[in-house]
Amino acid sequence: MRIAIIGAGYVGLTSAAVYAKLGHTVFAVRKDAEKVEMLKRGEVPFYEPGLPELVKDGVQSGRLIPTTSYAEAVPNAEVIFICVGTPPLSSGEADLSQVFAAAREVAENWGEGYKVIADKSTVPVGTAQKVRKVIEEVLVARPQNRSGLATSQFDVASCPEFLREGSAVHDTLNPDRVVIGTDSERARAVLSKVHEDLPGERVITDIRTAEMIKYASNAFLATKISFINEIANVCDEVGANVDEVARGMGLDPRIGSAFLKAGIGYGGACFPKDTKALHSIAFLHDYDFKLLKAVIEVNKAQRRHFLRKVRQMLAPLAGKKIGILGLAFKNNTDDVRESAALDIASWLIKEGAQVVAYDPQAAENAKAVIKAELSPNQSSALDSVFITCPTAEEAARDADALLVLTEWKEFCDLPWSDLRSMMNQAIVFDGRNLLDSKKMRELGFTYVSVGRP
Ligand code: UDX
């Protein structure tokens with residue numbers, strides 16, 4: 001089939017490359033000409049394991065066609081997936097301006113023939129119908145459509161994507177479920193065909209339900225994380241071990257073991273944004289979603305709670321040199337959006353500490369964000385208060401403490417004994433419960449983690 005994907009970020013580009021691998025012809029539309037040239041060379045503008053190889057294969061096979069041009073992508077496409085960003089407004093609501101702008105451009109470059117327009121971006125309930133309106137308005141205004149044929153030319157749908165950054169290719173190729181939300185038999189058949197070679201249960205439903213499935217899934221996963229973080233805080237008080245508690249809980253299949261890792265809370269482009277958006281959707285319908293509100297608050301507080309532990313042991317922070325391992329919001333990505341690590345780093349700097357940080361991928365992205373977070377004075381001295389370095393050893397050298405803030409697996413295999421001898425004080429705060437507490441203490445560290453004695 002011929003598919004156009006509008007927006008070539010994590011969701012759009014991964015979906016485009018996977019559909020091309022499945023044998024479809026896929027146009028991936030991105031406005032930025034420089035980035036499109038990169039994609040044509042098989043280079044991916046962000047770090048995502050396995051994606052460059054898949055993009056290169058797709059481009060070489062001729063089935064994946066990166067382009068800046070709607071006019072090239074849209075007229076012959078049978079299915080158009082909208083995968084643009086839906087960042088949060090200050091109210092917490094999703095900003096849908098990119099979605100509607102994409103819909104308008106699709107309509108303006110329509111060509112002929114029946115098409116399915118499906119949202120993959122996470123969008124509030126009712127968005128697909130608004131997309132329908134935007135497209136109808138443009139199509140009806142076209143001179144050749146004065147007869148009012150527009151509405152029979154297309155259907156809208158919601159086809160949410162559940163990939164995680166860092167394992168996006170694997171998740172897209174091996175979905176647990178494929179959700180197809182549409183009110184049209186014809187669109188259902190088309191979208192079922194697009195996904196026919198993918199495994200996973202099919203959830204065929206109406207548009208509004210599909211839109212809600214995505215928000216409810218992310219909100220539930222965020223709830224699991226905030227729940228286990230609160231359990232961890234209680235474990236700290238009563239001397240229990242949250243890792244063992246999570247294992248004991250997770251073996252019950254009704255609970256499940258995934259997303260019960262305690263730490264400094266969730267970040268990234270999805271959970272923070274989607275929990276706020278769902279809360280705000282409920283609020284706009286006069287419903288006070290109390291549980292979700294608490295999930296959001298617990299997540300915010302968890303970072304502060306961790307900082308308090310650091311402050312308690314190291315106070316005053318002014319003049320201290322603090323090594324940080326991990327800046328990305330999670331492992332296997334260079335994405336620092338809403339990263340707990342960056343909040344903690346900038347709070348430490350604001351309290352007068354010098355931060356020396358190592359991250360396998362995210363240092364460059366982190367620097368730009370930290371610079372924007374700081375006061376003009378601190379920001380002009382950025383290179384002396386926030387130093388990024390190419391190895392964990394350099395972050396440890398002369399440090400008064402090391403903070404593990406992202407769950408990169410490679411941090412488990414560091415030569416911790418050597419690191420200890422380089423540090424000014426052998427103190428490790430593990431914000432991800434990544435390391436073995438017994439081993440760390442045997443090596444002579446003062447070791448503090450989250451909810452573990
Ligand atoms: C998430 C959803 O998992 C995915 O289905 C959806 O499509 C997009 O949002 P992503 O944000 O890429 O994916 O990563 P995820 O692995 O879910 O991690 C999100 C955050 O939660 C990270 O900051 C991670 O460190 C944190 N996390 C995750 C925990 O703190 N504990 C856990 O047990 C799991």
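E196 is partly exposed, with a relative accessible area of 49%, where partly exposed lies between buried (under 20% relative accessible area) and exposed (over 50%), computed with a 1.4 Å probe on protein chains only. The model is predicted, so that local features need pLDDT of at least 70 and side-chain atom pairs count only at pLDDT 80 or more, while totals for chains, interfaces and linings use all residues. Residues are numbered from 1 along each chain as its sequence is written, and side-chain values use heavy atoms, with hydrogens and water left out. E196 is placed in the loop between α8 (185-194) and β8 (201-205); helices (H or I, at least four residues) and strands (E, at least two) are DSSP runs numbered from the N terminus. The C-alpha atom of E196 is separated by 9.2 Å from that of L22, and these two residues are 174 residues apart along the chain.

At 33% relative accessibility, C270 counts as partly exposed. Its C-alpha atom is 9.4 Å from that of R164, a residue 106 places away along the chain. When residues up to four places away in sequence are not counted, C270 touches N218 and T275, contact meaning heavy atoms within 4.5 Å.

Two packed helices are described by the angle between their axes and the distance between the axes. Helix α9 (residues 207-238) packs against helix α11 (residues 271-284) at an angle of about 115 degrees, the axes being 9 Å apart. Axes are lines fitted to C-alpha atoms, for helices over the stretch in contact, and angles run from 0 to 180 degrees between N-to-C directions. The crossing of α9 and α11 is left-handed; a crossing has this hand if the near helix is turned anticlockwise from the far one by less than a right angle, and is right-handed if clockwise. On the α9 side, the contact is made by M212, Y215, A216, N218, A219, L221, A222 and I225, and on the α11 side by F271, D274, T275, A277, L278 and I281. These residues divide into eleven nonpolar, two polar and one charged. Here Ala, Val, Leu, Ile, Met, Phe, Trp, Tyr, Cys and Pro count as nonpolar, Asp, Glu, Lys and Arg as charged, and the others, Gly among them, as polar.

The axes of α12 and helix α13 (residues 340-350) come within 10 Å and cross at roughly 45 degrees. That angle makes α12 oblique to α13, given that angles under 35 degrees count as roughly parallel, over 145 as roughly antiparallel, 65 to 115 as roughly perpendicular and the rest as oblique. The crossing of α12 and α13 is right-handed. R303, R304, F306, L307 and V310 in α12 meet A340, D343, I344, W347 and L348 in α13. Seven of the residues in this contact are nonpolar, none is polar and three are charged.

Helix α13 is mostly covered, with nine of its eleven residues buried. The buried residues of α13 include A340, I344, W347 and L348. At its N-terminal end, α13 is capped by S339, whose side-chain oxygen lies 3.2 Å from the backbone nitrogen of A341. Such a polar contact is a pair of N or O atoms within 3.5 Å; within protein, one must be able to donate a hydrogen and the other to accept it, and residues adjacent in sequence count only if both atoms are side-chain atoms. Just after α13, G352 takes a positive phi of about 95 degrees. At the start of helix α2 (residues 33-40), a side-chain oxygen of D32 reaches to within 3.1 Å of the backbone nitrogen of E34, and just after α2, G42 has a positive phi of about 80 degrees.

S121, in the loop between β5 (115-119) and α6 (127-141), counts as buried at 9% relative accessibility. A polar atom of its side chain lies 2.6 Å from the backbone oxygen of V84.

Most residues other than glycine have a negative phi, and most peptide bonds are trans. D398, which is not a glycine, has a positive phi of about 65 degrees. N433, also a residue other than glycine, has a positive phi near 45 degrees; N433 is buried, at 3% relative accessibility. The peptide bond from A315 to P316 is cis, with omega near -5 degrees, and P316 is found in the loop between α12 (290-314) and β9 (321-325).
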